[in-house]
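Hello,

Here is the structure for you to look at, with its sequence. My notes on what was found follow below it.

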Amino acid sequence: MITCSSNAAARDSLLQELAPDLTPLLDILFILLVFFMLSARVALQSLDITLPSSVAGSLSPINQSAHILLEIQEQAYVLDGEKISDFRQLETAISGLTLARPSDEIIIAGDRRISIARLLKVLAYLRSQGIEAANILMEEEAP
């Protein structure tokens, strides 16, 4: 029996010597993975916005009678008091309101916690509909 266990030990030792060492291969794969992750290009989108030359000079009170108010919230939109949860429904509602009231200004009010992407998505849609200007409602900050 001693010879069998020594044979098994010798066989295991021989198999370990013949097995390739995969550590360098794994190191190279890890380095390549990190390289590809860091060099992958992220597609960014941009929207050109014409900024006013002076914010203080361009602020004006809103005209209460001739405007369409669009509130952008974290989970929904509110267009003239009507809550809309989906952006596709918002597109339809904006198209209907601008056709019914073409002379009304669009005023955009946003919650401070919304992402800039939600605001830019709305501005890009308005631009695609031929609406070249919209007012952004903001509160004056305390000094």
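**Strands, helices and one loop**

Within β2, V78 is the bridge partner of E71. Please keep in mind throughout that this is a predicted model.

That residue pair belongs to the contact between β1 and β2, two strands that run antiparallel and are joined by 3 bridges. They form a hairpin, with 4 residues between the two strands. As background, the strands of a sheet pair through backbone hydrogen bonds, either parallel or antiparallel.

β1 and β2 sit in an open sheet of 5 strands, and the order across it is β3-β2-β1-β4-β5, with mixed pairing. At the edges are β3 (82-84) and β5 (135-137), each of which pairs on one side only. On average, neighbouring strands of this sheet are turned by 25° against each other, direction ignored.

Now the other side of β1. Here β1 and β4 pair in the parallel sense, over 6 bridges. If you want a residue to start from, take I72, whose bridge partner in β4 is G110. β4 covers residues 105-110 and also pairs with β5, again in the parallel sense, over 3 bridges. I108 stands opposite I136 of β5.

Next, the helices that go with the sheet. Helix α4 (residues 87-100) packs on the sheet and touches β1 (67-72), β2 (77-79), β3 and β4. The direction of α4 makes about 15° with that of β2. Helix α5, residues 116-128, lies across β1, β2 and β4, and runs at about 170° to β4. Together, β4, α5 and β5 make a right-handed β-α-β unit.

How do α4 and α5 sit relative to each other, and at what angle do their axes cross? In general, two packed helices are described by the angle between their axes and the distance between the axes. For α4 and α5, the axes come within 11 Å and cross at roughly 40°. The two helices are therefore oblique to each other. Their crossing is right-handed. On the α4 side the contact is made by F87, L90, E91, I94 and S95, and on the α5 side by K121, V122, Y125 and L126. By type, the residues of this contact divide into 6 nonpolar, 1 polar and 2 charged.

I49 is found in the loop between α2 (23-39) and α3 (55-58). Which residues does I49 touch, not counting those up to four places away in sequence? They are L120 and L123. I49 and L120 are 71 residues apart along the chain, and their C-alpha atoms are separated by 9.9 Å.

Regards

Notes:
Residues are numbered from 1 along each chain as its sequence is written. This is a predicted model: local features need pLDDT of at least 70, side-chain atom pairs count only at pLDDT 80 or more; totals for chains, interfaces and linings use all residues. Side-chain values use heavy atoms; hydrogens and water are left out. Two strands pair if DSSP finds at least two bridges between them. Axes are lines fitted to C-alpha atoms, for helices over the stretch in contact, and angles run from 0 to 180 degrees between N-to-C directions. Contact means heavy atoms within 4.5 Å. Angles under 35 degrees count as roughly parallel, over 145 as roughly antiparallel, 65 to 115 as roughly perpendicular and the rest as oblique. A crossing is left-handed if the near helix is turned anticlockwise from the far one by less than a right angle, and right-handed if clockwise. Ala, Val, Leu, Ile, Met, Phe, Trp, Tyr, Cys and Pro count as nonpolar, Asp, Glu, Lys and Arg as charged, and the others, Gly among them, as polar. A crossover is right-handed if, with the strands pointing away from the viewer, the path from the first strand over the helix to the second runs clockwise.
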